[in-house]
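Colleague: Hi, I'm new to this one. Could you walk me through it?
Modeller: Happy to, here it is.

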Amino acid sequence: MASISLQAVQKAYGDHAPVIRDVNLEIGEHEFCVFLGPSGCGKSTLLRMIAGLEDITDGDLYIGGKLVNDVPAAQRGVAMVFQSYALFPHMTVYENMAFGLTLAKTPKAEIERKVKEAARVLQLEALLDRRPKALSGGQRQRVAIGRAIVRSPGVFLFDEPLSNLDATLRGQTRVEIARLHRQFNDASVVYVTHDQIEAMTLADKIVLLHAGADTAKHGSIAQVGAPLELYHRPKSRFVAGFIGSPRMNFLPARVVSRSANGVQVVLDITGERIDTLLDGSTLQPDQPVALGIRPEHLEPVDHAHADDGVQQIVRAVSLVERLGEHSYLHLDQPGDTANPHAGATLIAKAPGDRTPRAAERAAFRVPPASCHLFTEDGFAVPSSITRPSA
């Protein structure tokens with residue numbers, strides 16, 4: 001087992017701006033930590049720095065309390081599973097899984113014991129004599145995982161291991177990885193993905209990295225926390241907009257009033273008033289803000305109870321995505337064409353058996369406890385209530 005500590009770690013190529021910027025992070029023993037973020041944010045680069053496949057430009061990296069900046073990859077006590085499987089095509093499954101142990105001159109009896117045990121756990125026992133070309137994508141990925149397991153490393157590193165699999169295999173393999181972590185919980189896991197479902201279901205801790213036009217933030221940590229902490233208590237509009245699928249809705253609004261119990265805002269485009277349970281001590285009357293509400297938190301209101309009053313928004317349905325148990329409603333955002341937010345689409349989640357048709361008007365209640373507010377600089381207004389964190 002091994003903990004990982006990154007202290008002011010940076011990575012830059014030549015004279016270009018850093019792709020990893022001032023990362024300070026602690027990953028504990030037994031912890032399943034997921035690096036999450038949009039393409040190009042540097043999550044795979046950060047993983048490769050931990051593995052020793054990329055040099056650190058600045059800062060310090062410790063594994064198991066030992067400074068490893070200049071320690072070769074093979075001596076760091078880590079095992080990496082790649083996106084491309086990286087199996088030797090001329091070797092059998094057994095030979096691929098045994099390869100690292102063979103290089104380390106492990107006794108043959110010990111190699112056989114470890115490979116067969118890993119094959120049993122991964123349900124590969126009947127495939128040990130096959131070559132990779134005779135395996136499905138899911139089987140190949142399990143072989144790659146088995147090759148890592150037999151080394152009994154202190155740290156497992158996964159670089160988008162499921163991205164080459166179809167949706168069904170991704171779900172199955174994700175469950176297998178979660179089960180393996182519980183079974184081999186004496187090792188830490190660092191896992192890179194851009195898939196939120198993988199991050200939310202696998203992680204003990206999510207590290208969300210910035211990416212985008214703001215070069216001062218690119219490659220830095222946007223937020224670290226348990227999955228539900230990032231979902232319920234995003235610290236910025238970037239985090240709120242990235243976590244959750246479909247993404248959070250953002251509505252331009254202005255502060256009407258504030259008190260110890262919460263903030264009331266009025267929507268810029270429609271004039272609808274919404275109460276929130278947020279701490280408005282740092283806000284000013286008439287201050288522009290963005291109201292954030294997730295599609296799953298917009299509560300459909302029966303026509304008989306729709307009163308266009310406080311805590312409700314009324315919109316025309318422009319598109320319905322029917323998924324069986326539930327549907328996603330795309331709602332037109334009315335307004336003056338001079339307003340940059342006019343025409344923006346909102347998304348609401350509705351039960352599959354109570355779905356309005358396109359072109360109908362529908363009313364939705366906005367629960368005060370589910371509201372988020374973001375200032376113009378993108379920071380979240382803190383909540384005055386306790387939200388789940390794990």
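Modeller: One term before we start: Ala, Val, Leu, Ile, Met, Phe, Trp, Tyr, Cys and Pro count as nonpolar, Asp, Glu, Lys and Arg as charged, and the others, Gly among them, as polar.
Colleague: Got it. What kind of model is this?
Modeller: This is a predicted model, where local features need pLDDT of at least 70 and side-chain atom pairs count only at pLDDT 80 or more, while totals for chains, interfaces and linings use all residues. Residues are numbered from 1 along each chain as its sequence is written, and side-chain values use heavy atoms, with hydrogens and water left out.
Colleague: How many cavities of 30 Å³ or more does a search of the whole structure find?
Modeller: The search finds 1. A cavity is a set of points, on a 1 Å grid over the protein atoms alone, where a 1.4 Å probe fits but cannot get out; a pocket is an open set with protein on both sides within 12 Å along at least five of seven lines, and lining residues have an atom within 4 Å of a point.
Colleague: What volume does the largest cavity have?
Modeller: About 100 Å³. Volume here is the space filled by probe spheres set on the points, with grid points joined across faces, edges and corners.
Colleague: And which residues line the largest cavity?
Modeller: The lining is F32, I145, I149, F156, F158, I177, L180, H181, F184 and V189. By class they divide into 9 nonpolar, 1 polar and no charged.
Colleague: Which element gives the most to that lining?
Modeller: Helix α5, with 3 residues. The elements giving two or more residues are α4, β7 (155-159) and α5 (167-183). Those names come from DSSP runs numbered from the N terminus: helices are H or I with at least four residues, strands are E with at least two.
Colleague: Switching to pockets, how much space lies in the largest pocket?
Modeller: About 520 Å³. There are 19 lining residues, and the closest to the pocket's centre are V78, A79, M80, G100 and R151. Helix α2 provides the largest share of the lining, 4 residues. By class, the lining has 16 nonpolar, 1 polar and 2 charged residues.
Colleague: What about the second largest pocket's volume?
Modeller: That one is about 270 Å³. Of its 16 lining residues, H210, K217, A222, S236 and F238 are the closest to its centre. Its lining divides into 6 nonpolar, 5 polar and 5 charged residues.
Colleague: Back to the helices: at what angle do the axes of α2 and α4 cross?
Modeller: Helix α2 (residues 93-103) and helix α4 (residues 137-149) cross at roughly 35°, and their axes come within 7 Å. Axes are lines fitted to C-alpha atoms, for helices over the stretch in contact, and angles run from 0 to 180 degrees between N-to-C directions.
Colleague: Which residues make the contact?
Modeller: V93, N96 and M97 of α2 meet V143, G146 and R147 of α4, where contact means heavy atoms within 4.5 Å.
Colleague: Last topic, the sheet. In what order do the strands come?
Modeller: The open sheet has 5 strands in the order β13-β12-β11-β14-β20, with antiparallel pairing. Two strands pair if DSSP finds at least two bridges between them. The edge strands are β13 (273-276) and β20 (372-374), each pairing on one side only.
Colleague: How many bridges join β11 to β14?
Modeller: There are 6, between residues 249-259 of β11 and residues 288-293 of β14. In β14, L291 is the bridge partner of L251.
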